[in-house]
Amino acid sequence: IAGARELVGDLEAKLASQAPAGLLERIEYVRQYAGPPFPEDRKSVSFRLTMGSPEKTLSSEEVGAFRTAVIEGMQKLGYDLRV
């Protein structure tokens with residue numbers, strides 16, 4: 001959940017900055033929604049993050065650590081994530 005006036009590009013950059021180095025392949029904007037049940041000054045913005053490594057297949061633990069790093073990093077920046 002982000003501020004209603006926050007730019008999608010800024011949110012994308014913040015997501016990228018939270019991803020573990022070398023594992024983020026792509027961030028894709030999916031959609032945004034403003035309206036009930038969110039307050040007027042908030043909106044929901046959805047992204048799809050693709051992770052991978054050209055050297056190996058990622059383990060479940062590595063994928064989990066990537067996901068946790070992004071979620072916790074965005075929460076520390078003050079975002080409420082719905083996953």
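With which residue does Glu 6 form a salt bridge? The partner of Glu 6 is Lys 14, and the closest N and O atoms of the two are 3.6 Å apart, where a salt bridge is taken as a side-chain nitrogen of Lys or Arg within 4 Å of a carboxyl oxygen of Asp or Glu. The model described here is predicted, with local features needing a pLDDT of at least 70 and side-chain atom pairs counting only at pLDDT 80 or more, while totals for chains, interfaces and linings use all residues. Residues are numbered from 1 along each chain as its sequence is written, and side-chain values use heavy atoms, with hydrogens and water left out.

**Strands and their pairing**

Helices (H or I, at least four residues) and strands (E, at least two) are DSSP runs numbered from the N terminus, and two strands are called paired if DSSP finds at least two bridges between them. Strand β3, residues 42–51, pairs with strand β1, residues 2–3, in the antiparallel sense over two bridges, and within that pairing Ala 2 stands opposite Lys 43. Strand β2, residues 24–33, also pairs with β3 in the antiparallel sense, here over eight bridges; Tyr 29 has Phe 47 of β3 as its bridge partner.

**Aromatic pairs**

Rings of Phe, Tyr and Trp (its six-membered ring) count as a pair if their centres lie within 6.5 Å, with planes under 30 degrees apart called stacked, those over 60 edge-to-face and the rest tilted. By this rule there are two aromatic pairs. One of them joins Tyr 29 and Phe 47, edge-to-face, at 6.0 Å centre to centre and with 70° between the planes. Because Tyr 29 lies in strand β2 and Phe 47 in strand β3, the pair ties together parts that are 18 residues apart in sequence. Residues are classed as buried under 20% relative accessible area, exposed over 50% and partly exposed in between (1.4 Å probe, protein chains only); Tyr 29 is partly exposed at 37%, whereas Phe 47 is buried at 18%.

**Salt bridges**

| Salt bridge | N to O distance |
|---|---|
| Glu 6 and Lys 14 | 3.6 Å |
| Glu 28 and Arg 26 | 4.0 Å |
| Arg 48 and Glu 28 | 3.5 Å |

Side chains of opposite charge can pair when their charged atoms come close. In the pair of Arg 48 and Glu 28, the partners come from distant parts of the chain, since Arg 48 is in strand β3 and Glu 28 in strand β2, 20 residues apart. Salt bridges that share partners join Arg 26, Glu 28 and Arg 48 into one network. In terms of accessibility, Arg 26 is partly exposed at 47%, Glu 28 is partly exposed at 31% and Arg 48 is partly exposed at 45%. In the Glu 6 and Lys 14 bridge, Glu 6 is partly exposed with a relative accessible area of 23%, and Lys 14 is partly exposed with one of 29%.

**The nonpolar core**

A nonpolar core is a set of buried Ala, Val, Leu, Ile, Met, Phe, Trp, Tyr and Cys residues joined through side-chain atoms within 4.5 Å. The largest such core has 13 residues, and those with the most contacts inside it are Leu 11, Leu 15, Phe 47, Phe 66, Val 70 and Tyr 79. Helix α1 (8–18), strand β3 and helix α2 each supply at least two residues of this core, and α2 gives the most, with three. In soluble globular proteins, nonpolar side chains tend to be buried together. With contact meaning heavy atoms within 4.5 Å, Phe 66 touches Ala 19, Pro 20, Leu 23, Leu 24, Leu 49 and Met 51, leaving aside its neighbours within four places in sequence.

Ala 69 belongs to helix α2, residues 60–76, and is partly exposed with a relative accessible area of 27%. Not counting residues up to four places away in sequence, Ala 69 touches Gln 18 and Pro 20. From Ala 69 to Gly 52 there are 17 residues in sequence and 15 Å in space, C-alpha to C-alpha.

Ser 53 is placed in the loop between β3 and α2, and counts as buried at 17% relative accessibility. Its side chain reaches the backbone nitrogen of Glu 55 at 3.2 Å. Leaving aside neighbours within four places in sequence, Ser 53 is in contact with Leu 23, Glu 25 and Leu 58.

Definitions and conventions:
A polar contact is a pair of N or O atoms within 3.5 Å; within protein, one must be able to donate a hydrogen and the other to accept it, and residues adjacent in sequence count only if both atoms are side-chain atoms.
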